[in-house]
Amino acid sequence: MSKITYLEVWQKLEERTAQGNKQTHLSVVLVGENPASPSYIHNKTRAAARVGINSETIVKPASISEEELLNLINKPNNDGSVDGLLVQLLLPEPVEICNIFYLFY
């Protein structure tokens, strides 16, 4: 993202907040220990912070069951205070990625 784009996004979000809207919030879900994932997530949350977006990262071990993960993702997905949800791929086996995608339809 170029600096002008960051500035434009920041200004629009500031205007929304000044009008009484809540601050934008991003939730990120990281499962397992893919060595590239923390760096990727750090860059995304840093970019979000640059434009005034609050974020949280939810970290879970690779041993989490698919059912637990689906429930975990459903929580912020159905939370009105969360505006964006990022689930970092690759997910450890035996989690079926299609089941994660279905949560968003």
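Predicted model: local features only at pLDDT ≥ 70, side-chain atom pairs only at ≥ 80, totals over all residues.
Gln88 is found in the loop between β3, residues 84–87, and α4, residues 97–102. Is Gln88 buried or exposed? Its relative accessibility is 9%, and because buried means under 20% relative accessible area, Gln88 counts as buried.

Now let me step back to the whole chain. The protein chain has four helices and three strands, and, read from the N terminus on, the elements run α-β-α-β-α-β-α. Along its principal axes the C-alpha trace spans about 45 × 30 × 20 Å, and 31% of the 105 residues count as buried. If we take the contacts with a separation of 6 or more, then 77% of them are accounted for by residues 24 or more positions apart.

With that in mind, let me turn to the nonpolar cores. The largest nonpolar core has 13 residues, and those with the most contacts inside it are Val29, Leu69, Ile73, Leu91 and Ile100. The elements that give two or more residues to this core are β1, residues 25–31, and α3, residues 66–77. Which of the elements gives the largest share? That is α3, from which four residues of this core come. To see one of these residues in its surroundings, take Leu69, which, not counting residues up to four places away in sequence, touches Val29, Val31, Ile64, Leu91, Val95 and Ile100. There is also a second, separate core of nine residues, and among them are Leu13, Val28, Leu30 and Ala48.

Let me stay with α3 for a moment. Its end C-alpha atoms are 16 Å apart, which agrees with the 16 Å that its twelve residues should span at 1.5 Å a residue. Within α3, the buried residues are Leu69, Leu70, Leu72, Ile73 and Pro76. Why do we say that these residues sit on the same side of α3? The reason is that they cover an arc of only 160° around the axis, which puts them on the same side of the helix. On the other side of α3, Glu67 and Lys75 are exposed, while the buried residues of α3 pack against β1, β2, β3 and α4.

Helix α2 has 14 residues and reaches 20 Å from its first C-alpha to its last, close to the 20 Å expected at 1.5 Å a residue. Ser37, Ile41, Thr45 and Ala48 are buried in α2, and, seen down the axis of α2, its buried residues fall within an arc of 50°, so they line one face of the helix. What covers the buried residues of α2 includes β1 and β2, the latter being residues 54–60. After α2 comes Gly52, whose phi is positive, near 90°.

Next, let me come to strand β3, where we find Val87. Val87 is buried, because its relative accessible area is 16%. Leaving aside its neighbours within four places in sequence, Val87 is in contact with Val29, Ile73, Ile100 and Phe104. Along the chain Val87 and Ile58 are 29 residues apart, and their C-alpha atoms are separated by 9.6 Å.

The peptide bond from Leu89 to Leu90 is cis, with omega near 10°, and Leu90 is found in the loop between β3 and α4. The peptide bond from Glu93 to Pro94 is cis, again with omega near 10°, and Pro94 too has its place in the loop between β3 and α4.

Finally, a word on the aromatic rings. How many aromatic pairs are there? The count comes to zero aromatic pairs by the rule used here.

Methods
Residues numbered from 1 in each chain as written. Heavy atoms only, no water. Phe/Tyr/Trp six-rings, centres within 6.5 Å; stacked < 30°, edge-to-face > 60°. Core = buried A, V, L, I, M, F, W, Y, C linked by side-chain atoms within 4.5 Å. Buried < 20%, exposed > 50% of the residue type's maximum accessible area, 1.4 Å probe, protein only. Contact = heavy atoms within 4.5 Å. Expected span 1.5 Å × (residues − 1). Arc of directions from axis to C-beta.
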